[in-house]
Each structure stands twice: as structure tokens, then as C-alpha cells.
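Thank you all for coming; I would like to walk you through one protein model this morning. Please have a look at the sequence and the structure before I go on.

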Amino acid sequence: MAYDAAKKAARFAKAKDAHDQLIAAAHRAQADALEIESLAKRRLANEYDAAQERGEVARKGKPVNVPDGNIKATAADIGLSRKDVHEARLIRDAEKAEPGLVRRALDRKVAARQEPTRAALRREVIEAAKIGGRAPSIKNPLYRAPTKAGAAWTHLYGACRALSEWTAQGENMELARRGMVERTDDQAANIAAVRKCAAALGRFLEEL
């Protein structure tokens, strides 16, 4: 009976482990897809704004006549909604305020074994866009966009907090070490980057 029970438990554990690995892989793939989508949206925001600056796209929702007799296209004319443009600009401005924000937000979800959804990512993006000065908080009328120095501090402690949360979860640090060893390509540059980061933080703390 003990043998049969142990065998069944082992079989279930193996199935559970396979299930968890499959879900984790799906979450990683979903996170990668969202990151690619965010890159596309950032490019879209830049191209759309540049087209407006060149006078190729109207700044308002209706077609606009120009002196040469042509009509400027609207967002709808090129297959975009106002929401599309707004979302693209939010992501672009959030990444400008906190470089790497999208990837960090997605990685936190995956590390916590949570599904990286568009809704969760959008919440992170909106907060970062506020920090970047694009959209003041509706809930706080006293909100003021931070200075360049304030934004730099927010970026630094935000990155450190995200790393601290990640290292505190399970075996992430040990997995990272194993992952480094498993790599067959040269990791010298990556190791140097980690050491450079540690040295930079050390200098920062010494000057506090």
C-alpha cells in the first residue's frame, strides 16, 4: 500500500511539474509577445507624431483642407482609432520615463507565476507615463511632474525594488547561476554588466 501510494504520488507530482512547466512556458511566450507588441506600438507612436509634424496627418479627428488643395488624412483614414494612438503614446512615453519598464513588469508577472496580461501591463504603463509627465493623476489634483533628477531617482529605486522582489522569490538567484553555466556562448560581457551594475550601486551608496 505504501509503495502504491508513493508511486501514485510520484506520478501526480510528475504530472503537476509538467503542468507547471507548461504554464510557465506559456506565460513566458505571452510576455515575449506583449513586449514585441509594445515595441511595435512605440514605433507607431513615433511614426504617427512625425507624420503630424510633417503635416501628413491631421491633428484633429476630421479631414483638414490645406492651401494646395489636398486633404490631410485622419487616424481613421489610415486604420487607427484614437484609442490606438493614445495607447501607443502611453507606452512610448512610459518607456522614455523608465527605460525597460515593459520587460521588467512582464518578468515580475512571470516570476510570480502570474499571467502577464495587457491589463496588468497597461496599469504599469499608465503609472510610468504619469511619472514621465504625460498625464497628471486625475485622483490627485496637486500632482506635479517630477524634475529630471526626481525621475532619475524613481527609475533607480524602481529597478532595485524590482530586482529585490525577484531575488526574494524562490530559487531565482540559484536558477540564474545555473542558467549562466548552461549557456554555451561567451558570457563575459554579461557577467561584466552585472559587476558594473553592482559597482555603480556601491558608489551611489557610498555617496549617500
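How many cavities of 30 Å³ or more does the count come to? The count comes to one cavity of that size, where a cavity is a set of points, on a 1 Å grid over the protein atoms alone, at which a 1.4 Å probe fits but cannot get out. Before the details, please keep in mind that this is a predicted model, in which local features need pLDDT of at least 70 and side-chain atom pairs count only at pLDDT 80 or more, while totals for chains, interfaces and linings use all residues. Residues are numbered from 1 along each chain as its sequence is written, and side-chain values use heavy atoms, with hydrogens and water left out.

The largest cavity holds about 50 Å³ of space, a volume being the space filled by probe spheres set on grid points that are joined across faces, edges and corners. Its lining residues, which have an atom within 4 Å of a point, include Ala105, Leu106, Pro116 and Leu121, and helices α3 (101-111) and α4 (118-131) each supply at least two residues of that lining.

As for the fold, the protein chain has seven helices and two strands, which follow one another in the pattern α-β-β-α-α-α-α-α-α; helices (H or I, at least four residues) and strands (E, at least two) are DSSP runs, numbered from the N terminus. Of its 208 residues, 21% count as buried, and here buried means under 20% relative accessible area, exposed over 50%, and partly exposed in between, with a 1.4 Å probe and protein chains only.

Let me turn to serine 38, which sits in helix α1 (residues 2-53). Why does serine 38 count as buried? It does so because its relative accessibility is 3%. Beyond its neighbours within four places in sequence, serine 38 is in contact (heavy atoms within 4.5 Å) with Ile91 and Val102. Serine 38 and arginine 103, though 65 residues apart in sequence, lie 9.6 Å apart in space, C-alpha to C-alpha.

Tryptophan 153, in helix α5, is partly exposed because its relative accessible area is 45%. The protein chain as a whole exposes about 15100 Å², of which carbon and sulfur atoms supply 58%, with accessible areas taken from the Shrake-Rupley method with a 1.4 Å probe and, for residues, only the protein chains shown counting as cover.

Definitions and conventions:
On a 1 Å grid over the protein atoms alone, a cavity is a set of points where a 1.4 Å probe fits but cannot get out, and a pocket is an open set with protein on both sides within 12 Å along at least five of seven lines; lining residues have an atom within 4 Å of a point.
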